[in-house]
Amino acid sequence: MTADPVLTLDDLAKWSRAGVSLAVLGHPIRHSVSPAMHNAALADVARDDVRFADWRYFRFEVPPEDLPRALELLHRGGFHGVNLTVPHKVLAFGRMAAVDPAARPAGAVNTLLRRADGWHGFNTDGYGLAAALRENLGRDLAGAHVVLLGAGGAARGAAVECLQRRCASLTLINRTRTNLDSLLELLAPLAGGIPVTGLEPTSGDFARHLPAGALVINATSAGLKATDPLPLDLNVLPAPAAVFDMIYNPPETALLRAAASRGIPTANGLAMLVHQGAKALEIWSGVSASRTAPAMATAARAALAR
Ligand code: NDP
């Protein structure tokens with residue numbers, strides 16, 4: 001069997017592969033570049049270390065209602081590790097035998113490690129974000145004034161990471177007030193004195209609330225399609241220091257184009273994807289994320305160009 005096909009629960013029910021198997025579950029999963037990234041990194045490390053010669057990473061199309069059964073079958077089938085993507089990260093949280101303390105506040109897991117008592121959950125998205133900001137923009141979350149767009153799963157993880165790394169202030173902007181309020185409520189006990197503010201993009205007088213030189217992070221899905229509206233009109237902000245968009249396909253969203261045309265440094269979400277993947281592989285294999293990230297980046301770029 002190759003690592004390429006999109007597999008299903010039926011394939012999982014009759015799983016009998018001898019080597020070390022890893023998987024990503026999502027719905028939809030067809031466009032995921034994670035199998036390409038992980039298998040390239042595994043082939044690369046196997047050249048130096050024969051222990052990894054039989055490690056392979058597979059993708060499974062799993063709708064949300066089948067997640068409990070899939071997790072059970074993966075454990076029974078001897079899978080060593082699992083990645084979760086949309087829409088499973090929050091759904092799986094309550095099904096873990098244990099959750100890494102750093103992943104608990106986000107209420108979401110993207111990396112599962114097999115243990116005898118069940119799956120142990122981790123979240124490497126925050127690490128991926130911080131590593132990407134450093135690599136692409138030379139920026140640290142620590143001490144930064146962060147303007148975070150969105151209040152969904154990705155924004156939740158990013159907001160927790162900002163607070164855990166002690167940003168200077170956190171301003172959340174989301175079009176739906178109720179979702180914004182839920183996130184503000186979740187963050188309140190974590191703020192530890194850091195000012196956390198919530199705004200709707202339509203609430204006029206932005207400049208009064210927002211710090212100059214902020215790090216703007218788009219964690220909305222606005223920009224995935226060419227017809228999407230901008231998640232924020234950059235004209236309403238005092239000049240930001242940099243704009244990061246978690247979206248990597250398309251590689252340049254309208255928000256990044258608008259920022260670049262104003263001379264603001266920009267980066268898309270590709271390095272975040274790579275670094276969260278490299279950290280997941282580190283959790284499963286013990287091979288450091290910095291060792292595998294370059295092979296993952298090359299493979300991700302090639303997969304996206306296809
Ligand atoms: P969710 O569906 O959980 O949240 C979507 C968010 O986007 C909500 O805040 C929603 O606002 C907002 N939104 C959607 N459409 C619009 C619009 N037209 N205008 C303004 N806001 C909008 O998605 P996720 O949080 O899981 O993912 C968000 C993005 O982050 C996706 O593009 C995803 O691909 C990317 N991502 C990238 C990663 C990486 O490694 N690079 C990792 C994880 C995510 P509302 O509350 O008003 O509905």
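1. Buried here means under 20% relative accessible area, and with that cut-off in mind strand E4 (residues 81-84) of this predicted model can be read residue by residue: Gly81 and Asn83 point one way from the strand, Val82 and Leu84 point the other way, and all are buried.

2. On one side of the pairing scheme, strand E2 (residues 21-26) runs parallel to E4 and is joined to it by 4 bridges, with Val24 having Asn83 as its bridge partner in E4.

3. E4 also pairs with strand E6 (residues 111-115), in this case in the antiparallel sense and over 3 bridges; Asn83 takes part here too, its bridge partner in E6 being Thr111.

4. Turning to the ligand, I note that 22 residues surround it, the closest being Ala154, Asn174, Arg175, Thr176 and Asn179. By class, this shell is made up of 11 nonpolar, 9 polar and 2 charged residues.

5. As to where the shell comes from, domain 1 (6-123 + 271-305) and domain 2 (126-268) each contribute at least three residues, while helix H6 (153-164) and helix H10 (270-285) each supply at least two.

6. Several backbone atoms lie close enough to ligand oxygen atoms to be listed individually, given a polar contact cut-off of 3.5 Å between N or O atoms: a backbone N or O atom of Ala154 is 2.8 Å from a ligand oxygen, a polar backbone atom of Gly153 is 3.0 Å from one, and a polar backbone atom of Ser221 is 3.2 Å from one. Taken alone, the ligand exposes 940 Å², of which the protein buries 76%.

Definitions and conventions. Residues numbered from 1 in each chain as written. Predicted model: local features only at pLDDT ≥ 70, side-chain atom pairs only at ≥ 80, totals over all residues. Heavy atoms only, no water. Near = heavy atom within 4 Å. Polar contact = N/O pair within 3.5 Å; in protein donor to acceptor, adjacent residues only side chain to side chain. Areas by Shrake-Rupley, 256 points an atom, 1.4 Å probe, with all protein chains shown as cover. Nonpolar A, V, L, I, M, F, W, Y, C, P; charged D, E, K, R; others polar. Domains from an automatic or database assignment. Buried < 20%, exposed > 50% of the residue type's maximum accessible area, 1.4 Å probe, protein only. Pairing = 2+ DSSP bridges.
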